[in-house]
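Subject: Structure handover

Hello,

Here is the structure for you to look over. My notes come after it.

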Amino acid sequence: MRIPIWLTLIAALVVVIGVIIIGSALVAPDQPLITAAQFSSATITPNADGSDDIAIFSYTLTKNARVTLTLESADGHVFAFRQDEPRIPGDYRVEFSGVVDGFTLDGEDFGDQQILQRLIPDGVYTWRLSATTEAGETAEQTGTFTIADGDAPLPLLTDFTVYPQLFTPNQDGIADRSQINVFLTKEATLTTYLIDPNGERLYISERFEDSRPGEAGRHLFDYEGGVDLGANPPTDGTYPLVVHAQDAVGQRVQREATLTIQTGGKPRAQIIPQPIGMSVIWEVVPYDEAYASTREQQGALAPMPTDPQSLDITRLGVPQGDVLVFKLTVENYSDVPIRTTGPEPGVVYDWEQRAPSLGWMEEAGAWRIGIECQTSAASYPWRWALGTRDHLTAVADPDSGNTYYYLMTGETSVVWGGIRMNRIENLNPQNCWAGLIHEYVEVSERNRNVGPREIFVIEAAN
């Protein structure tokens, strides 16, 4: 009886497969899961002196597996360098400096400081490399390793304060900056940053005073949201704030707090034209003793000029001793309120008077309208608030107990006031103009020398 051809083919295929399997086993016999695991040196001295600070740990893995490398001290403490990490077959080399995942020893208490990475103590250790495949196959290799002369003290952040934790970076002079104060016990690299909702780090620069970068001691980080550099601050909200220290041997410590940004933004305002097209309306009114103001007593307010019927921009004559009055309109076109301070619109200055002589000192972050003439003894010596109290918005500051006044976003306000021209200067006539002043910040180009007018003081007849 003849054997069917298909049975012959199957038998031949089985023989071939058997030969391949046997041949593979002979040529490439089953290997251990881990081979050639060792340190390049039996001892290291991790003190960042450039000599014997690290050793190379190398090994070969023959199958996909999860790998753990630990070091066990003589008293039984186990320190993890790699913990249950996936690896594919291949040769591996890694530098080891004695720094492992953060840990605390018996009796240690670092409060809310997070020990991210730390140098293990000096001593003789048993290292153990273990691997486990998905099929459950395991392997382990061990040896000894010595740490000596390690620079073990941690770069601790023993003092960490944030004030204020709620701040308003909008250049109004009130809580515009937050200061992060840190005391570092050991020379290390300090990094401070916020974490935004997308996980991006917003780094904060250190302000160098008595301490140099990275040295032990007190360090100050000063944050204004980037507004002083012309940038918009991060969106209003509460952000994680991280201070991180890393020393020369790689030990890492960090502390965390929160920082809340509120009403943040770049303030912007401008003097806008009157309905008739002029930016500043100028007028002369007779002087009245009731206008006289002192630090103790504010005088009567000058009447607000009415809009003239024509665009007369010729020389304006002012009888000596009478009052040069102006009127203009300010617009807050930014996304944040702008703070202002007095005196209020309508106040009349004598030529020699300044705002401080009426009890109104310059205030960092405050906006005011100023008038300047060519012979003025100072820049914009006569100044007024950006509106009357009933037009502005009052905001009470819970920290200081003070009440501040703001021109709110998108609002406009009319400002007017007067200067008594009771002196005849060497330059007569002379030009006078208005400016919108952001005190201790700037007088922007668009808001300086606005609405200039030639003013002639008419000498009084004898």
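Below is what was found, starting with the overall form and moving on to single residues.

Please keep in mind that this is a predicted model.

Overall form

The protein chain contains one helix and 32 strands. Its radius of gyration is 39 Å, whereas a compact globule of 462 residues would have one near 23 Å.

In general, strands of a sheet pair through backbone hydrogen bonds, either parallel or antiparallel. Here β11 and β13 (residues 178–184) run antiparallel and are joined by six bridges.

Backbone points to check

Most residues other than glycine have a negative phi, and most peptide bonds are trans.

- P164 sits in the loop between β11 and β12 (166–167).
- N428 and P429 are also joined by a cis peptide bond, here with omega of about 10°. P429 is in the loop between β30 (412–420) and β31 (430–438).
- A36 is not a glycine, yet its phi is positive, at about 55°. A36 belongs to strand β1 (residues 34–39).

Charges

There are 21 salt bridges in the structure. One of them links K186 with D151, and the closest N and O atoms of the two are 3.2 Å apart. K186 is in the loop between β13 and β14 (189–195), while D151 is in the loop between β10 (138–147) and β11, so this pair ties together parts that are 35 residues apart in sequence.

Which residues form a negative surface patch? The patch is made by D49, D52, D122 and D149. Of these, D49 is located in the loop between β2 (43–44) and β3 (55–61).

Regards

Definitions and conventions. Residues numbered from 1 in each chain as written. Predicted model: local features only at pLDDT ≥ 70, side-chain atom pairs only at ≥ 80, totals over all residues. Heavy atoms only, no water. Pairing = 2+ DSSP bridges. Helix = DSSP H or I, 4+ residues; strand = E, 2+ residues; numbered from the N terminus. Patch = residues over 30% accessible without salt bridge, like charges linked within 9 Å, V, L, I, M, F, W, Y side chains within 5 Å. Areas by Shrake-Rupley, 256 points an atom, 1.4 Å probe, with all protein chains shown as cover. Salt bridge = Lys/Arg side-chain N within 4 Å of Asp/Glu carboxyl O. Lys, Arg positive; Asp, Glu negative; His and termini not counted. Charge placed at Lys NZ, Arg CZ, Asp CG, Glu CD. Rg over C-alpha atoms; globule rule 2.2 N^0.38 Å.
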